[in-house]
Amino acid sequence: MGADRCYAYGAAAGLLGDLLLGDPRRGHPVAAFGRAAGAVERVLWRDHRGWGALHTGVCAGAAVALGVLAERAVRRSPAATVALTAAATWAVVGGTSLAREARAVGRALESGDVPAARARLPHLCGRDPQALDADGIARAVVESVAENTSDAVVGALVWGAVAGVPGLLGFRAVNTLDAMVGHRSPRHLRYGWASARLDDVAGWPGARLTAVLAAAAGPDPRGALRVWKADAHRHPSPNAGPVEASFAGALGVRLGGTLSYGGRVEHRPVLNGASGRAVRVTDIDRAVRLSRRVGLLALGVTAAARLLVKGRGK
């Protein structure tokens, strides 16, 4: 069995494992990486871009190196290669946890328990929940589902198809580092610059594929493409913009606007403001279902692309 087929079978098994099992409550590999990256930061931190770049290189490089060594260790056994790819895919994708947390907030909102929804929201995104009413929470959830479909599922599958297990682990490492130090806090404004920029580069192909698949799988393909073309460039994030715009058009809702992170208020452009309606609680489940479809399509597209490219190279 060739490496391309091993990857396809392993990635499918890993995504199925995520769908059936979700993330473990304790001992998640990504959490272990986060603790290690935090320890490296405590040693290296300086208010300087160069030291931050070193931190990014050490942590992301270690994840890629681990993937390379693991692949080499099992390269003579197709069964072990499939198992390794499945384990790595399951470890780095987070579609089930994303859906579970989004729906937990949605259930709280449906029951009218806004304080419970506010308490649950930080499990999903970094917004300041106390500044949000029920409609604002619902909008934050839909935006988070859209963005994390790319970050937690599609982007990993793209880099897995490109570089196998090292690509899977490397992408998740870069994305985790961005979440840890890539934000514009006083401590990380310079130190986290390299992580944020590398995450922009690594996330670029997955974000575009997510936007395309959201248009293809959503109830309004033309609307998704129209809003992507008209509004994505107005978003401050080069990768969240296409994804959120495509989801907004596909679902027929307005996303963006005023939000608050860590006490800092941002006034983002409204996506699909011309024809979209305000987000409702019921849109949370619609966004989750669209995210699921996008993840499954991404698996098929990336696995097929790897098989096709590798086949032509022989």
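Reply: Start with a cut-off: buried means under 20% relative accessible area, exposed means over 50%, and partly exposed lies in between. This is a predicted model.

Me: Why is arginine 234 called partly exposed?

Reply: Its relative accessibility is 38%. That value falls between 20% and 50%, so arginine 234 counts as partly exposed.

Me: What makes aspartate 231 count as buried?

Reply: Aspartate 231 has 11% relative accessibility. The limit is under 20%, so aspartate 231 counts as buried.

Me: How do you know that aspartate 231 forms a salt bridge with arginine 234?

Reply: The closest N and O atoms are 3.4 Å apart. The rule asks for a side-chain nitrogen of Lys or Arg within 4 Å of a carboxyl oxygen of Asp or Glu, so the pair qualifies. By this rule the count comes to 11 salt bridges.

Me: Which residues of helix H9 are buried, and why are they said to line one face?

Reply: In H9, residues 221–231, the buried ones are Gly223, Ala224, Val227 and Asp231. Viewed down the helix axis, they fall within an arc of 100°, so they line one face. Arg222 and Lys229 are exposed on the other side of H9. The cover over the buried residues includes helix H8 (193–217) and helix H10 (240–251).

Me: What makes aspartate 285 and arginine 103 a salt bridge?

Reply: Their side chains meet at 2.8 Å, N to O. The cut-off is 4 Å, so the pair passes. Aspartate 285 lies in helix H11 (residues 282–313) and arginine 103 in helix H5 (residues 95–110), so the bridge ties together parts 182 residues apart in sequence. Arg103, Asp285 and Arg289 are linked in a network of salt bridges.

Me: Are arginine 127 and glutamate 143 buried or exposed?

Reply: Arginine 127 has a relative accessible area of 5%, and glutamate 143 has 2%. Both values are under 20%, so both residues are buried. Their side chains meet in a salt bridge of 2.4 Å, N to O.

Me: Where is serine 150, and why is it called buried?

Reply: Serine 150 is found in helix H7 (residues 134–181). Its relative accessible area is 4%, under the 20% limit, so serine 150 is buried. Among the residues serine 150 touches are Phe171, Gly203 and Val243.

Conventions: Residues are numbered from 1 along each chain as its sequence is written. This is a predicted model: local features need pLDDT of at least 70, side-chain atom pairs count only at pLDDT 80 or more; totals for chains, interfaces and linings use all residues. Side-chain values use heavy atoms; hydrogens and water are left out. Buried means under 20% relative accessible area, exposed over 50%, partly exposed in between (1.4 Å probe, protein chains only). Helices (H or I, at least four residues) and strands (E, at least two) are DSSP runs, numbered from the N terminus. The arc is that of the directions from the helix axis to the C-beta atoms. Contact means heavy atoms within 4.5 Å. Lists of a residue's contacts leave out its neighbours within four places in sequence.
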